[in-house]
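User: I am new to protein models and would like to learn how to read one, feature by feature. Could you guide me through this one?

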Amino acid sequence: MTRSTHTRRFILGAGAAGVFWPSAALPAPAQPRQSEGGIGGTGIVGILTEFGSLIVAGRRVATDDLTKYSDGFGEITARDIAIGDSLTVEAGGPTDRLTARRVHVTHPLVGEITAIANGGRELTILGTTVKLSRPNRLVQMGQRVAVSGLWRGNAVEASGLTPARDARDLVSGTVDRAGFATTVSGVRLRGTGIQQLEDEGFGSVVGRYDPNTGLMRSQRAVTARFTGAAGPLKRLAIEGYLEQTRAAPGYRVAGLGHSFARNIDLSPYTQGRTLFLGDYTGLFAAREALGLPEDPAARAQILGAFAR
């Protein structure tokens, strides 16, 4: 893959009336009262919808010989990336000429299929419901798969399934340390590295899941979604679903692990998939929101046009 020379920016909301709710400008947030760390250049979280350049979360991102690729088990190559993968991208450069320094496949779940329901449209993996947009007749009980998609509460709206490349299990999402229990997006945890996971932060845990106890024994835990591969984080583009949280403004993006600025009104965006865009100032100072359809083909068309 090579660096893109594309520079034209799409005007938010144009050309897709009736498919999704119109984009909206969010009120300018106040300066944050606490920091969640300076990481990345432009941080992008979403589903890969198109190749050429990578189109993820409505951003067109070029790659070059310096781009690094990875997933939760280690290094991979550009050839391992597939349409439908849930990516975390750290990119440098101006917003209309972004180049990826790191492309990380952030699988919400990797593990064994222990149940298939709803005519093949729902799977259970690590005790978690995985919802498919259409039945997948190739999946089988006992099969080990890596799930791409977005968290919606403690379920995953899947965008892709691939064979697991490692014998270990994995969960990536939002940490909850309520009481004596530690969970990542509802998966209960014990073991190595759990003590370093921060409540309501991001966590990615590799280990072994026991379906009899519903407990995952951690072998390794990672607390950072972004690594600083493209320098200090300035902007975010995030595709996801909102869920309620204890901290102001009352909502967060499920599975993200970064908080919004305190005074943003997110209540109009609680019912569906949304693309949020804005600055990162220690908190996510989102300034634009774009509702997206659930149909994968319609969503890919809109995000592809948005990135032109």
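Analyst: Helices (H or I, at least four residues) and strands (E, at least two) are DSSP runs, numbered from the N terminus. In this protein there are one helix and 23 strands. The model is predicted, local features need pLDDT of at least 70, side-chain atom pairs count only at pLDDT 80 or more, and totals for chains, interfaces and linings use all residues. Residues are numbered from 1 along each chain as its sequence is written, and side-chain values use heavy atoms, with hydrogens and water left out.

User: What pLDDT does the protein average?

Analyst: pLDDT is the predictor's confidence in each residue, from 0 to 100. The protein averages 86, and 87% of the residues score at least 70. Over residues 1-23, however, the pLDDT is below 50, and it is also below 50 over residues 27-40.

User: Which residues touch the most other members of the largest nonpolar core?

Analyst: In soluble globular proteins, nonpolar side chains tend to be buried together. A nonpolar core is a set of buried (under 20% relative accessible area, 1.4 Å probe, protein chains only) Ala, Val, Leu, Ile, Met, Phe, Trp, Tyr and Cys residues joined through side-chain atoms within 4.5 Å. Here the largest core has 25 residues, and Leu 109, Ile 125, Val 130, Val 171 and Leu 189 touch the most other members. Its largest share, three residues, comes from β12. A second, separate core of 24 residues includes Val 56, Tyr 69, Ala 91 and Leu 303.

User: How many residues does the protein have, and what percentage of them is buried?

Analyst: Of the 308 residues in the protein, 52% are buried.

Key:
Contact = heavy atoms within 4.5 Å. Buried < 20%, exposed > 50% of the residue type's maximum accessible area, 1.4 Å probe, protein only.
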